[in-house]
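The exercises below are meant for a reader who is meeting this structure for the first time. Please look at the sequence and the model, then work through each task before reading its solution.

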Amino acid sequence: MHDEQLDHDNSAAIEHDDNLDPRLTRALETVPLPSIPADFAARVANLLPARRPVSLTPTHYGQNAILMGIFLTLAALLLLALHATGHAMFDLLESLLLAQFVALAVWFTIWRHSLR
Amino acid sequence: MHADLTFEQVVRDHQDMVFRTLLRLTGSREHLDDLAQDVFLRLYRTLPNFRGDALITTYLYRIAVNVAQDEWKRRRRDRNTHISLSDDTSDWQDRLPHPDHNAEQQIQEREFQQSVEEQLQRLSQVERTILVLYHQEERSYEQIASALGMPIGTIRTHLHRGRKKLREALQQRQTKERRTTCTTNS
C-alpha cells in the first residue's frame, strides 16, 4: 500500500518536472506591470540640467593675438636696426625676427582670406 | 525648449521598458521612480556622445543595468539584504491575468511565479540581468552582448547557468514541499 503511494508520488513528481521548464519559461517571460506616474516624463524633462547656450557672437582673440605678435616683432626689428653693431649675433637675431614677422604676416593674410 | 520636449517624448516612449526592467532587476518597487529618473538623466547626459536613434534602447538597457547595480551596492551597504517581494506594493504578479485558470491553478501559478522571483534575486547580478533581458525583454544574444559589453559566448553560458540554477532551486523547493505534504498526510 505504502509502495503504491510512493509510486504514485514518483510519477507525479516526474510529470511535475516535465512541466517545470515551460512553467519556468512562462514565469520568466511574464512582464511585470509597474505603475508609472502619469506625469513622469514631464517631471524628468523639468529636471534636465540647462545646457550651456552656444555663443553666436564671434570673438577675435586669435586675430588680436596675431596682430599683437606682428607689431611686437616689427618693433623688435626696428629696435635692433637702431642699435645694430654689426655683430654676427645681432644679424642672426634680426634674421630670425624677420622670418617670424614674415611668417605671421603670411599666416594672418591667409587666415583673413579664408574667413571671407 | 524644443530639445526638452523631444526628450520628454523619448522618456514617454521608453518609460514602460525602463520601469519593468528595473522592477525585475531590483525585485522591489522601493525607489523605482527615483531609479527610473536616474536612468533617464544619465541618458540625457550621454546624449551628446551618442549616435544613431536605433541605439537608444541598447543605451537605456546598459544604463538601467548600471543603475540597478548601484542600487544593489547601496542595499548591500545598508546591510538591507532583505528583498521586499512580499511588501504591499510589490504584488505585480497579482495583477496578471489568468483568464482560463480556476482559482486553485491561479494560486499555484502565483506561488510558482513568486518562487521564481525569489530565486531570481538569489542569482548573481549578471545571470539575473541576462535572464531578464532575454526572457522578459526578448532581446537577442547580440543585443544583450552589446548592452552589457560582453562576448556572445559568455552571454549564452550565463543564460544557461542561470536557468539551470533556477530549475534546480525550484526542483528542490518542490521536493521539499512534497515531502512536507506527505508527512502531514501520513
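Helices (H or I, at least four residues) and strands (E, at least two) are DSSP runs, numbered from the N terminus. This is a predicted model, in which local features need pLDDT of at least 70 and side-chain atom pairs count only at pLDDT 80 or more, while totals for chains, interfaces and linings use all residues. Residues are numbered from 1 along each chain as its sequence is written, and chains are lettered from A and ligands numbered from 1 in the order in which they are written.

**Exercise 1.** Describe the secondary structure of chain B.

Solution. Counting the elements of chain B gives 7 helices and 0 strands. Following the sequence, their pattern is α-α-α-α-α-α-α.

**Exercise 2.** Determine how α2(B) and α3(B) are oriented to each other.

Solution. Begin with the axes, which are lines fitted to C-alpha atoms, for helices over the stretch in contact, with angles that run from 0 to 180 degrees between N-to-C directions. Those of helix α2 (residues 32–46) of chain B and helix α3 (residues 56–77) of chain B come within 9 Å and cross at roughly 130°. Next, apply the classes: angles under 35 degrees count as roughly parallel, over 145 as roughly antiparallel, 65 to 115 as roughly perpendicular and the rest as oblique. The helices α2(B) and α3(B) are therefore oblique to each other. Finally, list the residues in contact (C-beta atoms, placed from the backbone, within 7 Å): α2(B) contributes L35(B), D38(B), V39(B), R42(B), L43(B) and T46(B), while α3(B) contributes Y59(B), L60(B), I63(B), A64(B), V67(B) and E71(B).

**Exercise 3.** Decide whether E118(B) is buried, partly exposed or exposed.

Solution. Locate E118(B) in helix α4 (residues 103–122) of chain B. A residue is buried if 20 or more other C-beta atoms, placed from the backbone, lie within 10 Å of its own, exposed if 12 or fewer, and partly exposed in between. Because E118(B) has 16 other C-beta atoms within 10 Å, E118(B) is partly exposed. In chain B, buried residues make up 30% of the 186 residues.

**Exercise 4.** Find which element of chain A gives the most to the side that touches chain B.

Solution. Start with the totals: 25 residues of chain A are in contact with 34 residues of chain B. On the side of chain A that touches chain B, α1(A) gives the most, with 11 residues. Then check pLDDT, the predictor's confidence in each residue, from 0 to 100: in chain A, confidence is lowest in α1(A), at a mean of 66, and highest in α2(A), at 91.

Key: Contact = placed C-beta atoms within 7 Å.
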